[in-house]
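This report is written for someone meeting the structure for the first time. Please look over the sequence and the model before reading the sections that follow.

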Amino acid sequence: MTDTVTPTAPQSAPQNAPAYEGPRRILSGIQASGALHLGNYLGALKRFTELQDQGAPCFLFVADMHAITVWQDPAKLADQTREIAAAYLASGLDPARSIIFPQSAVRAHADLAWVFNCVARLGWLDRMTQFKEKSGKHKERSSVGLYTYPVLQAADILLYKATEVPTGEDQKQHLELTRDIAAKFNNDFGVPGFFPLPEPLTQGPAPRVMSLRDGSAKMSKSDPSDQSRINLTDDADTIVAKIRKARSDADVLPDTLEALNDRPEAKNLVTIYAALADMTREQVLAQYAGQGFGAFKPALAERAVEAMAPVTAEMRRLMADPAEIDRVLKDGAERASAIADPVVDEVKKIVGFWRA
Ligand code: ATP
Ligand code: MG
């Protein structure tokens with residue numbers, strides 16, 4: 001009897017493999033999976049704009065291929081895509097400087113994802129906590145796409161040879177997987193330095209905004225409770241009402257951050273205030289120590305309305321002119337393809353695919 005052995009790449013761990021030498025490039029994406037919220041704004045959108053304004057070339061895509069890993073109404077998906085593009089523009093991204101595009105409009109994402117499906121190991125994907133959280137008790141009824149989502153994400157990033165990826169903390173594990181895939185590809189195919197090992201930029205003022213209803217769950221587009229999040233399209237009255245009803249506790253605010261460690265809801269509200277006001281959490285506590293949520297919540301609501309109102313108004317204005325958004329997305333898709341296509345052509349050559 002012979003064992004069946006699945007062939008793997010020849011093992012030749014590189015000694016001092018040369019580092020990637022390409023230019024600095026920033027890339028990130030947001031799923032077209034529903035209404036954007038304050039967590040997306042503070043953890044992602046606001047930071048993209050800061051990076052763009054530092055002069056870094058930025059690629060921002062709308063992840064519609066990721067969105068369909070769970071059911072999306074086909075009649076709504078294109079509008080959801082436009083809405084994310086509107087949020088990019090409304091939060092300050094400039095299509096003349098940054099490339100804004102829909103993922104599905106650049107075919108190379110799917111091409112590279114397939115190759116990476118053959119590089120990534122099952123054991124690596126089995127460890128991904130987001131799949132476990134999203135599939136819950138119904139793992140066997142989840143789409144295969146939800147399982148291989150982090151592999152597509154690696155393709156999204158490496159297709160543009162991005163060197164830095166700003167995201168919320170929830171994506172950190174996926175970014176580590178991207179680095180593993182890049183390293184294994186470079187090693188297996190003997191092309192050291194072909195793909196960069198991108199750096200996650202997850203350290204911001206609010207890398208993990210929590211749900212307003214549950215201090216142990218992150219604020220999410222896909223949370224069925226609308227009360228759990230502040231949407232970028234909520235008006236001032238809705239924002240005030242959601243913050244008034246947000247879960248908190250009966251204690252007053254302490255004067256040290258450590259004293260908030262076992263008060264997740266209170267800590268979350270202080271973190272949100274600090275990020276909105278461009279203050280540190282210590283500064284917020286110095287101002288509000290000794291006060292209860294009866295006083296703190298109205299102050300927080302005022303900050304939230306003040307910060308969100310201009311973004312919301314601009315998003316609404318843009319959504320009223322979908323043709324303008326479509327022009328930005330089409331132009332972005334062309335510019336993105338011009339960079340992505342040669343990379344995927346080179347990958348096909350490296351892998352040894354047939355060419356005439
Ligand atoms: P879904 O529930 O459909 O996964 P989401 O709310 O997690 O939606 P994504 O489109 O998956 O949003 O993520 C877009 C960006 O927003 C990513 O960079 C992600 O890390 C960041 N992000 C998402 N939720 C939060 C949060 N609660 N706090 C900070 N950043 C977040
Ligand atoms: Mg998510």
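## A buried charged group

D234 is buried, because its relative accessible area is 10%, and the cut-off for a buried residue is under 20%. The model in which this value was computed is a predicted one. D234 forms a salt bridge with K242, and the closest N and O atoms of this pair are 2.6 Å apart. K242 is buried as well, with a relative accessible area of 2%. Side chains of opposite charge can pair when their charged atoms come close.

The pair belongs to a network, in which salt bridges that share partners join D226, R229, D234 and K242. Across the structure as a whole, the number of salt bridges is 19.

## R229 and its surroundings

R229, a member of that network, is found in the loop that runs between β5 (199-201) and α9 (236-245). With a relative accessible area of 8%, R229 counts as buried. Its side chain has a polar atom that lies 2.7 Å from the backbone oxygen of S220, and the side chain of R229 also reaches the backbone oxygen of K221, at 3.3 Å.

When neighbours within four places in sequence are left aside, the residues in contact with R229 are H37, L212, M219, S220, K221, S222, D223, D234 and K242.

The protein is divided into domain 1, which covers 26-207 + 322-351, and domain 2, which covers 226-319. To the contact between them, domain 1 gives 19 residues and domain 2 gives 16 residues. The C-alpha centres of domain 1 and domain 2 lie 29 Å apart. Between them the two domains bury about 1600 Å², and 77% of this area is on carbon and sulfur atoms. Of the area that domain 1 buries against domain 2, L38, Y41 and A90 supply 32%, which is more than any other three residues.

Between domain 1 and domain 2 there are three residue pairs in polar contact, both residues of each pair being at pLDDT 80 or more. On the side of domain 1 that touches domain 2, at least two residues come from each of the helices α1 (38-53), α3 (74-90) and α13 (322-351). Of the elements on that side, α3 gives the most, with seven residues. The residues on this side of domain 1 divide into 14 nonpolar, one polar and four charged.

## The salt bridge between the domains

How many salt bridges are counted between domain 1 and domain 2? The count is one salt bridge. The side chains of K46 and D278 meet in a salt bridge, with an N to O distance of 3.1 Å. K46 lies in helix α1 and D278 in the loop between α10 (264-277) and α11 (281-288), so the pair ties together parts of the protein that are 232 residues apart in sequence.

## A salt bridge within one helix

E314 and R317 both lie in helix α12 (residues 293-319), where they are three residues apart, about one turn of the helix. Their side chains meet in a salt bridge, at 3.0 Å from N to O. E314 counts as partly exposed at 25% relative accessibility, while R317 is exposed, with a relative accessible area of 51%.

V351 lies in helix α13 and counts as partly exposed, at 28% relative accessibility. Not counting residues up to four places away in sequence, V351 touches V115, F185 and F189. The C-alpha atoms of V351 and F185 are separated by 9.6 Å, although the two residues are 166 residues apart along the chain.

R127 is found in the loop between α5 (122-126) and α6 (129-135), and this residue is exposed, with a relative accessible area of 51%. A polar atom of the side chain of R127 lies 3.4 Å from the backbone oxygen of G123. Leaving aside neighbours within four places in sequence, R127 is in contact with K132 and Q173.

Terms used: Residues numbered from 1 in each chain as written. Chains lettered and ligands numbered in written order. Predicted model: local features only at pLDDT ≥ 70, side-chain atom pairs only at ≥ 80, totals over all residues. Heavy atoms only, no water. Domains from an automatic or database assignment. Contact = heavy atoms within 4.5 Å. Buried area = accessible area lost by both parts, 1.4 Å probe. Salt bridge = Lys/Arg side-chain N within 4 Å of Asp/Glu carboxyl O. Polar contact = N/O pair within 3.5 Å; in protein donor to acceptor, adjacent residues only side chain to side chain. Helix = DSSP H or I, 4+ residues; strand = E, 2+ residues; numbered from the N terminus. Nonpolar A, V, L, I, M, F, W, Y, C, P; charged D, E, K, R; others polar. Buried < 20%, exposed > 50% of the residue type's maximum accessible area, 1.4 Å probe, protein only.
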